[in-house]
Structure formats: C-alpha cells, structure tokens
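Open the model in your viewer and keep the selection tool at hand. Each stop below says what to select next and what is there.

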Amino acid sequence: MQRLNKSFFERPTLEVSKDLLGKILKVGKCSGRINEVEAYIGQNDPACHAARGKTERNKIMFGPAGHLYVYFTYGMYHCANIVTEADGFPAAVLIRSIEPLEGKELMKKRRGKKDNLCDGPGKLCIALGMTKESHNGLKAEVFDDNFAPGKIKSSPRIGIKVGIDKKWRFFY
DNA sequence: GTCCCGATTCTA
DNA sequence: AGAATCGGGACT
C-alpha cells in the first residue's frame, strides 16, 4: 500500500483521472476503491467551476495538487474533488463513486441504509462524512494497492448542461 | 440586494 | 417526472 503523493496529482487531469480508477480513497476510518470519476479542467472548460475565474468557493482548485475541493450543492449535498495540475491552474477530478472497503458499518449508519452507500458523488460524501466545513482544502489520502481495474470506459459528464461534447467521465 | 439554478438524490 | 432546499455568482 503506497500513498500517492503530490507528483501523482500534479499531471494532466485526464491522465490523473484514469489513473485514479482502482485506487483507494481513505477518509477517517472509512475507505473505498474509486470506480467512477470526472475531469474538470481549467477556464476553457465551461462546466468547470473555475471557468469564470477564481472565487471564494473554487479557490482551492487554483491551489496545490492533491488537496480536496469539497463544495455544497443543491441545498443539501456535498461533492468531493481532488485538485490536479500545477499551482495556479484550476483543475480537479470529481470522485463520483467508490466501492466501500473499510468502515462499512459507519457508512451504513451515516447513510441510514445498508446498500448503495457510495455510488454517487453526494452519497459518498455522506458515507465518508465529508463536508466543505470539515474537509475542503485538506490533503487527500489516496493509496495504491496494485489493484488493476478492468477496461476503462468513458462518456460525457453527468448532470451538466455545458461541455457535454467532452467525454471526461471515466469508469470501469 | 435580488434572482436563478445547480458536477444530486429520493420518491412516485 | 417532481420535490427537496439553500448558497454561489451573475447582474437587474
């Protein structure tokens, strides 16, 4: 089990996105294997929160790679990203789904369910206990246990109305 | 200050 | 298909 360092995240976002599949995300006592992500890249990507420059909400995206960008949306959910690329370049990988590994009981308690604990960006934040207040800006803990994911597929990103021409959602 | 809407999820 | 629910960001 090797922890991924800044150099892993400080690369082109599409590469980092695909390489994150199969890796283990750890948050507190819970962890899970990443099986679905999306890339949001820079000011020319209309779907990226940073498309119109730096704001109080998205400033973490402009910071160092490997940190968590957690934001609140739809009045009730949080979404978690991991910042990529060089300092000053706003880009990140949205973690859309993970397969629960450690801490399943805690996840079930937080979700109030025993199935579908982490199969969605809002759900996994609830299961892992991530909020912008507690986790935005912290360093992400991601590990490589040499697991080899199956064939990686791609599609347009989910839930957006612009930038749907880009197939920047990756899963396996 | 006001207004619109969202990188979602759950229920019907 | 529609509701829930509220903060961010654009701008009348």
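This is a predicted model: local features need pLDDT of at least 70, side-chain atom pairs count only at pLDDT 80 or more; totals for chains, interfaces and linings use all residues.

## Stop 1

Start by selecting Phe9, Leu20, Ile95 and Leu128, which have the most contacts inside the largest nonpolar core, a set of 30 residues. Next, colour the elements that give two or more residues to this core: the helices α1 (6-9), α2 (13-20) and α4 (121-128), and the strands β2 (24-27), β3 (30-41), β4 (68-73), β5 (77-83) and β6 (91-100). Which element gives the most to this core? It is α4, with 4 residues. As background, nonpolar side chains in soluble globular proteins tend to be buried together.

## Stop 2: aromatic pairs

The structure holds 3 aromatic pairs, and two of them are visited here. Select Phe8 and Phe9 and show their rings. The ring centres are 5.0 Å apart and the planes meet at 80 degrees, so this pair is edge-to-face; the cut-off for that label is over 60 degrees. Are Phe8 and Phe9 buried or exposed? Both are buried.

Now select Phe147 and Tyr172. Their aromatic pair is tilted, with 6.3 Å from centre to centre and 45 degrees between the planes. Phe147 is in the loop between β7 (141-144) and β8 (153-155), while Tyr172 is in the segment after β9 (169-171), so the pair ties together parts that are 25 residues apart in sequence. Phe147 has 35% relative accessibility and counts as partly exposed. Tyr172 is also partly exposed, at a relative accessible area of 28%.

## Stop 3: charges over rings

Select Lys166 together with Trp168. The charged end of Lys166 sits over the ring of Trp168, and the distance to the ring centre is 5.6 Å. Then select Arg169 and Phe171. Here Arg169 lies over the face of Phe171, 4.3 Å from the ring centre.

## Stop 4: DNA strand B

Show DNA strand B and the protein residues around it. How many residues surround DNA strand B? There are 22, and the closest are His49, Tyr71, Tyr77, Asn81 and Gly122. By class, this surface has 11 nonpolar, 6 polar and 5 charged residues.

Of the atoms of DNA strand B within 4 Å of the protein, sugar or phosphate supplies 54%, and the rest belong to bases. Several contacts with phosphate oxygens can be selected one by one:

- His49: an N or O atom in the side chain is 2.8 Å from a phosphate oxygen of DNA strand B.
- Arg96: an N or O atom in the side chain is 3.2 Å from a phosphate oxygen of DNA strand B.
- Gly120: a backbone N or O atom is 3.4 Å from a phosphate oxygen of DNA strand B.

To see which elements give two or more residues to the surface near DNA strand B, colour β5, β6 and α4.

## Stop 5: DNA strand C

Move to DNA strand C and select the residues that surround it: Arg52, Thr55, Arg57, Phe72, Tyr74, Gly75 and Met76. Of the atoms of DNA strand C that come within 4 Å of the protein, 67% are accounted for by sugar and phosphate. The surface near DNA strand C has 3 nonpolar, 2 polar and 2 charged residues.

Zoom in on Thr55, where a polar side-chain atom is 2.7 Å from a phosphate oxygen of DNA strand C. For Arg57, a polar side-chain atom is 3.2 Å from a phosphate oxygen of DNA strand C. What part of DNA strand C lies 2.7 Å from a polar backbone atom of Tyr74? It is a base oxygen.

## Stop 6

Select Glu38 in strand β3. Glu38 has 0% relative accessibility and counts as buried. A polar atom of the Glu38 side chain is 2.8 Å from the backbone nitrogen of Ile158.

Next select Ser97, in strand β6. Ser97 is buried, at a relative accessible area of 6%.

Finish at Leu106, in helix α3 (residues 104-111). Leu106 counts as partly exposed, at 32% relative accessibility. Leu106 and Gly129 are 23 residues apart along the chain, with 9.4 Å between their C-alpha atoms.

Notes. Residues are numbered from 1 along each chain as its sequence is written. Chains are lettered from A and ligands numbered from 1 in the order in which they are written. Side-chain values use heavy atoms; hydrogens and water are left out. A residue is near a molecule or strand if one of its heavy atoms lies within 4 Å of it. A polar contact is a pair of N or O atoms within 3.5 Å; within protein, one must be able to donate a hydrogen and the other to accept it, and residues adjacent in sequence count only if both atoms are side-chain atoms. Ala, Val, Leu, Ile, Met, Phe, Trp, Tyr, Cys and Pro count as nonpolar, Asp, Glu, Lys and Arg as charged, and the others, Gly among them, as polar. Rings of Phe, Tyr and Trp (its six-membered ring) pair if their centres lie within 6.5 Å; planes under 30 degrees apart count as stacked, over 60 as edge-to-face and the rest as tilted. Buried means under 20% relative accessible area, exposed over 50%, partly exposed in between (1.4 Å probe, protein chains only). A charge sits over a ring if NZ of Lys or CZ of Arg is within 6 Å of the ring centre and within 35 degrees of the ring normal. A nonpolar core is a set of buried Ala, Val, Leu, Ile, Met, Phe, Trp, Tyr and Cys residues joined through side-chain atoms within 4.5 Å.
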